[in-house]
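Please keep the structure in view while reading.

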Amino acid sequence: MYAQMIKTAGTGVKSRDDMTPEEAAFQDRIDADIKIEPKDWMPDDYRATLIRQIGQHAHSEIVGQLPEGNWITRAPTLERKAILLAKVQDEAGHGLYLYCAAETLGISRDELTEDLLSGKMKYSSIFNYPTLNWADIGAVGWLVDGAAIMNQVPLQRTSYGPYSRAMIRICKEESFHQRQGYDIMMKMAQGTEAQKKMAQDALNRFWYPSLMMFGPSDKESVHSAQSMAWKIKIDSNDELRQRFVDQTVPQAEYLGLTIPDENLKWNEEKGGYDFSEPDWTEFFNVLKGKGPCNTERMNARVQAWEDGKWVRDGLLAHARKRAARKVAAE
Amino acid sequence: MSADLFEFLCRMGDNTLILGHRVSEWCGHSPVLEEDIALANTALDLIGQTQLWLGLAGEVEGQGRSADDLAFLRDAWDFRNVLLVELPNGDFGQTLMRQFLFDAWQELMLGALKESSDARVAEIAEKASKEVAYHVERSGDTVIGLGDGTEESHQRMQAALDYLYPYVGEMFESDAVDAAMAKAGIAPDPASLRDAYDARLAQVMAEATLSIPDDRFAHAGGRTGRMHTEHLGHILSTMQWLQRAYPGATW
Ligand SMILES: [Fe+2]
Ligand SMILES: [Fe+2]
Ligand SMILES: [Fe+2]
């Protein structure tokens, strides 16, 4: 899930009695599954929460280019290079759709970018982990895109129209990403001893960070309850994580790889796997900037933005000159 | 004939391979999101074209080498790309200037190759020229926008043109391989494309308010394999690393 630990604005779910007539009418529309569109009235807290969530999701797509971009120049075949380029291009496109969706809420892409670069806004913790061998590119597609899909498929039904439509477009591409990731893992797992070792190493390093993508248990959070009432969060973090584990374990078995969890066990009664929690201390450290790649990722984005300033300024100046010449000619 | 054709196809495929590699280095580092998308798209097209050119090269050679074998298992002396495409990215302006200088050549070359007497060559040219029409439009517009932008962007673009222009001439060199291709009607004599290229360059640079250097001196050696820049070895050591470190593996 690319949006983690989104703090819901407001004070929690209001009872019907406490709602203003506008708020009640708004909630009625949501309960009736009628989409909220940009021009519709909406509570300020709904707007603020959505901006945080969509913005964080957009930033994640953008920063997410970096760990995969790390292997484009080293991709082992032309075909793999082309597939990886297409995937990373998709991710940038996802960022674009999402920034556009956020703009309908009254915040510009530049403002969101400034908030990312100043550290005020976050991106998914997963992209602060390094890609160290080629199988990591497989693991990212299989596990990271896989976890993203788990979260985003339900969000296709989210209450905010532009967000829902962005999710529908994105989900189509994400399933291709997951398949190509799994396909890399297949080749590696069936390959030479060295390739098998790469595949297992990638799974070892990406398993728990993938589980962290869903965020800590949110059972008791009042904030989640409000986001769920607004249908901008559809399932709980734990539900999504369980679904992800249940889907992924058989896939790992099929690959002949071992999930790095001694406590992993099928639980007949609940119809799902029991598994170990990730190390939440590590998770909070990553959020605080202490992950293995936080500094590199932020430096890369800041540098791209600063180095690109003359380009943005130049193109803008040219557009103005052209417009002025056109006016002068008329 | 087939040795000459092989050589010609390697020249085409190595250009797109090495430039595609360079462009892909931008991934995630562009000045603006639309450029990240456009550069990834350009790199993707170039790698796709490489698969076609080098795939055909391997077929023509007839020794069972695939496009991947040619891309990942030859050493620098066997590469036949022009020097222009192996030069470093520099700033975004230098990257886009290099792209335009190459795109404008490639557009003319592919235009002629669509009429090739070799149907396989014509078919690749047909497909690639659709992509390149878009590349040259975009790189040309960007060169104009930045050349005729701010004082700083103008200066940077002029510096890029001054640095890169000495690498333009190599694209129009002719040798025995080219003569054989021209004679067989497979490909045009590169020198015959120069006037149209110069006209295109003059038009775009005038709009960009940039001056084309007077000196027509040209560095050369890449497309004949006589002498590459020092940069190529580093590109290959990155690009070929996995294939070299784990020979015989399937990916
Ligand atoms: Fe994505
Ligand atoms: Fe993704
Ligand atoms: Fe994806």
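Donors are N, O and S atoms within 2.8 Å of the metal, and because water is not among the atoms, sites may look incomplete. The model discussed here is predicted.

## The iron site

In sequence, the donor residues of the iron ion (ligand 1) follow the spacing E-x29-E-x2-H-x79-E. The coordinating atoms come from Glu61(A), which is listed with two OE entries, from Glu91(A) (OE), from His94(A) (ND1) and from Glu174(A) (OE), at 2.0 to 2.8 Å. Distant parts of the chain are linked by the pair Glu61(A), in helix 2 (residues 44-63) of chain A, and Glu174(A), in helix 7 (residues 161-189) of chain A, which are 113 residues apart.

Both Glu61(A) and Glu174(A) are buried. The iron ion (ligand 1) lies 3.3 Å from the iron ion (ligand 2).

## Two helices of chain B

In chain B, the axes of helix 1 (residues 2-24) and helix 2 (residues 33-61) come within 8 Å and cross at roughly 160°. Since angles over 145 degrees count as roughly antiparallel, helix 1 of chain B and helix 2 of chain B are therefore roughly antiparallel to each other. Their contact is made up of 17 nonpolar, nine polar and two charged residues.

## Arg109(A)

Arg109(A), which lies in helix 5 (residues 109-117) of chain A, has a relative accessible area of 18% and is therefore buried, the cut-off being under 20%. Leaving aside residues up to four places away in sequence, Arg109(A) touches Leu96(A), Tyr99(A) and Glu103(A), together with Val32(B), Leu33(B) and Glu34(B). Gln27(A) is 82 residues from Arg109(A) in sequence and 29 Å from Arg109(A) in space, C-alpha to C-alpha.

Note on methods. Residues numbered from 1 in each chain as written. Chains lettered and ligands numbered in written order. Predicted model: local features only at pLDDT ≥ 70, side-chain atom pairs only at ≥ 80, totals over all residues. Heavy atoms only, no water. Donors = N, O, S within 2.8 Å, 3.2 Å for Na, K, Ca; no water. Helix = DSSP H or I, 4+ residues; strand = E, 2+ residues; numbered from the N terminus. Buried < 20%, exposed > 50% of the residue type's maximum accessible area, 1.4 Å probe, protein only. Axes fitted to C-alpha atoms, helices over the stretch in contact; angles between N-to-C directions. Parallel < 35°, antiparallel > 145°, perpendicular 65-115°, else oblique. Nonpolar A, V, L, I, M, F, W, Y, C, P; charged D, E, K, R; others polar. Contact = heavy atoms within 4.5 Å.
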